[in-house]
Protein chains: 2
Amino acid sequence: MSAELLSTQPYKGARDFYPEDMELRNWFLGKVRDVLTLSAYDEYNAPMLESLDIYVAKSGEELAKKQTYNFEDRGGRKVAIRPEMTPSVARLVAARLQQLNMPLRWYSIPNLYRNEQPQRGRLREFWQINADIFGCNSYEADLEIIRVAIDMLLCFGADESMFVVRINNRRFFNDVIAKICDMSGEDARLVSKVIDRREKVTREAYVASLVELGLTDEKIAKLDALYTMSVDEATAICPESEGAQELQRLFEDLRALDLEKYCIFDFGIIRGLDYYTGTVFEVFDKHPENTRAMFGGGRYDNLVGLFAKNAQLPGVGFGCGDVTLQNFLECHGLIPEEYSKKIKVLITRFDDVPFVNYSKIANELRANGIMCTTYIGTKKFGKQIDYASKEHFSHVVIMGGTELENGEVKIKDLDAHEETTVKLGDIVEYFNR
Amino acid sequence: MSAELLSTQPYKGARDFYPEDMELRNWFLGKVRDVLTLSAYDEYNAPMLESLDIYVAKSGEELAKKQTYNFEDRGGRKVAIRPEMTPSVARLVAARLQQLNMPLRWYSIPNLYRNEQPQRGRLREFWQINADIFGCNSYEADLEIIRVAIDMLLCFGADESMFVVRINNRRFFNDVIAKICDMSGEDARLVSKVIDRREKVTREAYVASLVELGLTDEKIAKLDALYTMSVDEATAICPESEGAQELQRLFEDLRALDLEKYCIFDFGIIRGLDYYTGTVFEVFDKHPENTRAMFGGGRYDNLVGLFAKNAQLPGVGFGCGDVTLQNFLECHGLIPEEYSKKIKVLITRFDDVPFVNYSKIANELRANGIMCTTYIGTKKFGKQIDYASKEHFSHVVIMGGTELENGEVKIKDLDAHEETTVKLGDIVEYFNR
């Protein structure tokens, strides 16, 4: 044993969860689970450690090694702590491609590690809600995933003043650029790459890059106009585009299902340029001090290609971090002071009554589904009551020698400040009133 | 992207959890959570990564480095993936020693990693149920922890024919050895070390080691006799020992609470020689093909010493792996075929009805707490029914053009093989019957 004291701090960028922190997280992730389960999503999970290869194959060696915690194990395997869930779920689905019944609705809430500098809303260790539909390439799956993302916020009492889902379509994005610029293939792709970086560079640099690719001022103005258009205006530019038709249908159904108030078309939503292939969306916090993308998702088409030969499996899904969601709930005052009013009983004790008499009462209450424990230790009665109120017990049961003789107990309701005398045989009934 | 296909296998010694695996694990860990919550235990958690130091301080550098996955992060910190939860919880408690209200009842079910060869019941990645009482050094805490361990098995329908809790006391162990051998201090400690290894060496080697320490045949016979004694016989050897008195009181109360049938005194239960300081216990599977220690725990006295100066905090607790528990449940047939009968509704679809009509029915059912989803995709009706039965839906809702016109749907109960025609407005009522 070392004589020097060790630090009590958690690892940099990771969090300790004391009971009150855990209760909060269990509360909000529990509500998310309820929403997903109600929509018939099945939970899955996979190991924290994965072969580094699967991240290298998806993101390239440099990025994979930079973003993950990775090392070589004793068997010489290169392993990484998972920084995201997509490669793991792709592996699981690919391994049973023939047996699984498509479409799958799957979710997971894994803990993930990113090897980067911690900042507000981005920690090194976090949990991520992943929900996906696999094996369905029609727009109804996109509609459903967006509906689930909205339900996930509505279940906390959020409304349209607090968030908005910004939606685009990558096929439409490609088609409308090709049409406006009158380009195709590699030329159009280069323009897309510049547009993808529009918000990350100055206006001058942006225009210069487009001019360099041969775009006139008129074309640049037409592109600019897309950012303020409604979905009807934008899709009218190239109605023949399948992406435009998907967008149209999606918004029509969002309207019919009374979800349009939460959604807006936004040509600026692109997400990973090489990954997404259809509908893409991002959920934005509308809080004036906190306007930002909370989470997002979209459609991708080649989930399992790295694992299975000649297999194409479409998917659509989203990933939402626990820190982001918690920030949103805190920011908008959506966390109640008490998650649920519950009965929690402490049986206090006196020296002149054998401990087993208290244990028996506790056993009877628990057998009837009432959360209950006995005070253990030797502190005086007043201290036991202090303990009960600090630890949020709702009731204390009091039985000294006199009460034991009379076959009764006193029950103190700590919230109502009421004391009742109850026969030993009627304690369960008291709590089940 | 690599042209070579990646392996779909999980990391060696770790498991994938497909929905059916996850449902099983959620079921049994959910029942464990219920038992712990009912006894007023609070859940906590801590990061997967911890400073390697805390394991080195507890177990020594060689063992800590050998048993953990450890590496240096970019900031030069030596970190380890947690192989156990005790050092983490000690850190959390030490950091708030003044603010926390003792006694604490805490539990956690973390995923842990051990860097060792996988074998039956021992994997590299596993989950461990940790339950502890901190800040109470009286025997009632020991009694409670053993009661909770028993309840954790009883809640699955296990009975005394399936498991037994073998109990000893480390203070009694030391005192009775000292008394029988008429030794004290270092001499007695050396004898203890030999006795600790009794089952790991041959009888000849065991006796030879004791003779070498000066023990006569008579004394060795007296030690041997302890292994078949009842708690009353054993404690009668040194009734003045505080450990003996604790054992007596513990068994008295186990008897009074009708728990003695699950428990037996066993002088062979020692556990980590340097760690435990009072009551120790191990829960044994009684299955003839599988007789072995499933999990155990006990009392320890210096949990926070590594983190806080001059602080002594007593604790008592146990740790039980998910693999061990699952093996026990499987072995004794304690896993039901269906965890809970639930309503799960698939709304099938036809081309001549707009998709939003189906979505609206699904929304209404979900708003009333009924698990429900729409079929998405384009397969024919027969295939949709196949999908429903393979994915364990209990009901399908059928609405073609004719039903839509009549404002009704057909509901097929897949278990009862019954079909009912129901008015559109009465669907929720149908399921809430």
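Residues are numbered from 1 along each chain as its sequence is written, while chains are lettered from A and ligands numbered from 1 in the order in which they are written. Because the model is predicted, local features need pLDDT of at least 70 and side-chain atom pairs count only at pLDDT 80 or more, while totals for chains, interfaces and linings use all residues.

Start with chain A and colour its domains, whose bounds come from an automatic or database assignment: domain 1 (16-46 + 83-152 + 286-338), domain 2 (48-81), domain 3 (163-285) and domain 4 (344-432). The C-alpha centres of domain 1 and domain 4 of chain A are 43 Å apart.

Next, select residues 344-347 and 371-374 of chain B, which are strands S13 and S14. Strands (E, at least two residues) and helices (H or I, at least four) are DSSP runs, numbered from the N terminus. S13(B) and S14(B) pair in the parallel sense over four bridges; pairing takes at least two bridges found by DSSP. Lys344(B) has Met371(B) as its bridge partner.

Now show both chains. 74 residues of chain B are in contact with 74 residues of chain A (C-beta atoms, placed from the backbone, within 7 Å). H13(B) gives the largest share of chain B's side, six residues.

Methods. Contact = placed C-beta atoms within 7 Å.
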